[in-house]
Amino acid sequence: METARHWWKECVFYQIYPRSFQDSNGDGMGDLRGIIDRIDYLVELGIGAIWLGPVCKSPNDDMGYDISDYQDIMEQFGTMADWEELRDKLHENGIRIMVDLVVNHTSDEHPWFMAARRAKDDPRHDYYIWRPGRDGREPNNWASFFTPSAWEYNEATDEYYLHLFSKKQPDLNWHNPAVRREVYDMMTWWLDKGADGFRMDVINLLCKTPGLPDAAGKEDMNGYVFPSEHIANIDPVHTYLQEMAREVYADKDIFTVGECLFMDTEEGRRYTAGENRELHAVFSFSHIDMDGQLEGKWYYRPWKLPELKARLTRWQDEIGKGWLGLFWSNQDQPRALSRFGVASGPYRMRCAKMLGLVLHNLRGTPFVYQGEELGMVNVPWPSTDQLRDVESLNFAANCRRTGADESFMWDALHRKARDNARTPMPWDASENGGFTTGTPWIMLNPDYPEVNVATAREDPESVFHFYRRLIAMRKEHLMMPYGKFQLIWPEDPDIFAYTKTLGQERWFIAANFTDKTCERPWPDKVGEPAELMLSNICDRNLPALGRLCLRPYEGVIIRCGKKA
């Protein structure tokens, strides 16, 4: 076997977005007790661990990713006692819990920042990144992810503070040893509480180019430039993460996965491989970024299957002894089926299964985002009044302020708004989908009477039951996490095919990404078909000798003979 065995390589994670999973008290927002009430669903699905979205105290400018107290629970979600009960009941059912670590920034309502902004001589002033203005304006031309400028003026100190996200999310100064000590102590506190690991939010953005120079590149609609070359993978970020590992978790059997933006495979290996391993795994966004342009994610670029294959294959081939978190979607991305498949029509559910089959057989740890196992899709937003995300609302406001075409704005929102992934989990066809007895904090997808858990449970051929089979297969077959990947037909515009090899065994995985039947000569070098392991079409048989015929959006896993 090419890599050492670990529990986090062999299980499937399920990502829970707490405010949209299950409401237990009728206030319209999901909470910790709601998750506790649905543990049976997680057990039935077969997952081995959850990634619990942020539940720490927050004013919710960015839905909990603006933390005002790292060691307390947001009132809307419950109490620390609720978190502890959730932990205990998950552990009783053999499910681990990974928490969200958000330490690139805090909320501007965190006590550190409230002290920092009052006076330059406060010790906590240096917990954040400050600069004087330049010619009566911001210190440089940087745009933020959410707002026109990455800088906000602070009158009390006559300075600007840096915020790569919302103006209510000031960036921490990681060069300050006191900041790092605060973070490490907090992380240790959560591990002592029984957390089984951390998903680390934008962890490769902790350091910025010294001197914070202007960004080069094309200006956006507001006249600013996004500074990706100055904020990602900047040394000494690796030194700090190695220090974090030594101080907090190097001797513990936990799992850490980093959300790493603007990262190539060489950087991915530095984070996850070698003697100075900093993280156990990283999320690569290479396949996610391919449908955007240099101006940003809102500027759509059509994608082609050969490019998707090339981007995924590059990481499979070049991560080396490192490890990947595998995903199609999450709380920050549109629904996978709308992005990479078909969101309506007779092939919708078949396509959802096909996408799962392709992803779960790649080398890495699969993450299922809540609702993905139901075939959920993007939302036909009727108006901006229904949007809740700060990024979406700011984008819409910028479009209207600058006179951008409304059709451009709506196409972008329907394709890319993070709100698409944040609508409530539909549990049944009753009012509000069984999510809440109150008024939902955000609208449900209008298709919830047909696409919901109860309906999926009753249908043995549903996406839900297909995911159960995929997850169960991973527990039986080491091939899925550890098999060596090799792409077949890289330039084929319709079929994604690859082999997995472990020892003397070989699997052939093939998926048709089109709405037409595709036939190809059987690839000789993979060996002859010997056993159909899984298909997303119930009447599938082994392919006829010498040829492969895949129906629209069909996906198969076939064990091959030894003639390769």
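How are helices H8 and H9 oriented to each other, roughly parallel or roughly antiparallel? Let us look at the pair together. This is a predicted model, in which local features need pLDDT of at least 70 and side-chain atom pairs count only at pLDDT 80 or more, while totals for chains, interfaces and linings use all residues. Residues are numbered from 1 along each chain as its sequence is written, and side-chain values use heavy atoms, with hydrogens and water left out.

Two packed helices are described by the angle between their axes and the distance between the axes. Helices here are DSSP runs of H or I with at least four residues, strands are runs of E with at least two, and both are numbered from the N terminus. Axes are lines fitted to C-alpha atoms, for helices over the stretch in contact, and angles run from 0 to 180 degrees between N-to-C directions. Helix H8 (residues 237-249) packs against H9 at about 25°, and their axes are 10 Å apart. H8 and H9 are therefore roughly parallel to each other; the word covers angles under 35 degrees, while over 145 counts as roughly antiparallel, 65 to 115 as roughly perpendicular and the rest as oblique. On the H8 side, Val-237, His-238 and Leu-241 make the contact, and on the H9 side Glu-267, Arg-270 and Tyr-271 do, where contact means heavy atoms within 4.5 Å. These residues divide into three nonpolar, one polar and two charged. Here Ala, Val, Leu, Ile, Met, Phe, Trp, Tyr, Cys and Pro count as nonpolar, Asp, Glu, Lys and Arg as charged, and the others, Gly among them, as polar.

H9 (residues 265-272) also meets helix H11 (residues 305-318): their axes come within 10 Å and cross at roughly 40°. H9 and H11 are therefore oblique to each other. Thr-265, Gly-268 and Arg-269 of H9 touch Arg-314, Trp-315 and Glu-318 of H11 in this contact. By class, the contact of H9 with H11 holds one nonpolar, two polar and three charged residues.

Now for the charged side chains. Side chains of opposite charge can pair when their charged atoms come close. A salt bridge is a side-chain nitrogen of Lys or Arg within 4 Å of a carboxyl oxygen of Asp or Glu, and by this rule the count comes to 45 salt bridges. One of them joins Arg-5 to Glu-10, with the closest N and O atoms 2.7 Å apart. Arg-5 is partly exposed, at a relative accessible area of 49%; buried means under 20%, exposed over 50% and partly exposed in between, with a 1.4 Å probe and protein chains only.

Another salt bridge pairs Glu-109 with Lys-168 (3.0 Å, N to O). Glu-109 sits in the loop between strand E5 (96-101) and helix H5 (111-116), and Lys-168 in the loop between strand E8 (159-162) and helix H6 (177-192), so the pair ties together parts that are 59 residues apart in sequence. Glu-109 is partly exposed, with a relative accessible area of 39%.

Lastly, find Lys-353 in helix H13 (residues 348-360). Is this residue buried or exposed? Lys-353 counts as buried, at 6% relative accessibility. Leaving aside residues up to four places away in sequence, Lys-353 touches Glu-461, Ser-462, Val-463, Phe-466 and Asn-536.
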